[in-house]
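Colleague: I am new to this structure and would like to go through it slowly with you. Please show it first, and then I will ask about it part by part.

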Amino acid sequence: MSAVPPPAPTPQQPLEPLELPQLGVEIDEPCLRADAARNRARLLEAAALLVAERGADGLTMEAVAAAAQVGKGTVFRRFGDRTGLLTALLDHSEKKFQAAFLSGPPPLGPGAPPAERLRAFGVVMLRRTVDELDLQLAAEPCADRRFTNPPRRVRHHHVTLLLREAVPEADCELLAHTLMAPLDPALVHHLTRQCEMPLSRLESAWVDLIDRVTGPAAPAP
């Protein structure tokens, strides 16, 4: 009895251009007054010092308020909740990462073939995740926000567009979610800290995964 062939991928909807969101807590107030900007910077400085001293698990809104010598309500008004505070701490590095893959030099930025850009994207993201692992884990959104928060949407959109160049016949929106799974901070934590795998092994596995999906890299001349 012959096997039933798998169904053809569903025709893909065109992706609308995704405007780069302003990350962090200033989405609704892009033009802060000078004093508000200074206060926000002071709060973030206090939060960063607390993370350095106690780790991300020891960061609370109350502790930040005490360290910055302000009322707890000030911290809540500025950042909303603890996740908002942690996200703000990651904001600067996220913006640098986005700028690098959207407009920086190749192979991470434009100008390289899509498969090369995918390889570079995963390697850089793995290194960044390892460097910021405790903070990223603490800032992980709850389940109903995990796949809709602005940084993840931008990264997913970027990987989807590169896949549409590299493997246009695939269901690239779903494939992008599959490819991004090995970059998840919780999995990186499990592999590097609980399984004690070196980062180089994760990087090699990512490159191998991209090669298997898009085809191996062309040999050097």
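Colleague: Does Cys142 count as buried, partly exposed or exposed, and what is its relative accessibility?

Modeller: Before I answer, this is a predicted model, in which local features need pLDDT of at least 70 and side-chain atom pairs count only at pLDDT 80 or more, while totals for chains, interfaces and linings use all residues. Residues are numbered from 1 along each chain as its sequence is written, and side-chain values use heavy atoms, with hydrogens and water left out. Buried means under 20% relative accessible area and exposed over 50%, with partly exposed in between (1.4 Å probe, protein chains only). Cys142 is therefore partly exposed, its relative accessibility being 41%.

Colleague: Where do the buried residues of α3 lie around the helix?

Modeller: Helix α3 covers residues 72-79, and its buried residues are Val75, Arg78 and Phe79. Seen down the axis of α3, with directions taken from the helix axis to the C-beta atoms, these residues fall within an arc of 75°, so they line one face of the helix.

Colleague: What covers the buried residues of α3?

Modeller: Contact here means heavy atoms within 4.5 Å. By that criterion, the cover over the buried residues of α3 includes α1 (34-54), α2 (61-68) and α4 (82-103).

Colleague: How are α1 and α4 oriented to each other, roughly parallel or roughly perpendicular?

Modeller: Axes are lines fitted to C-alpha atoms, for helices over the stretch in contact, and angles run from 0 to 180 degrees between N-to-C directions. The axes of α1 and α4 are 10 Å apart, at an angle of about 95°. Angles under 35 degrees count as roughly parallel, over 145 as roughly antiparallel, 65 to 115 as roughly perpendicular and the rest as oblique. The orientation of α1 and α4 is therefore roughly perpendicular.

Colleague: Where is Gln69 found, and is it buried or exposed?

Modeller: Gln69 is not a glycine, although its phi is positive, at about 60°. Gln69 belongs to the loop between α2 and α3, and with a relative accessible area of 72% Gln69 is exposed.

Notes: Helix = DSSP H or I, 4+ residues; strand = E, 2+ residues; numbered from the N terminus.
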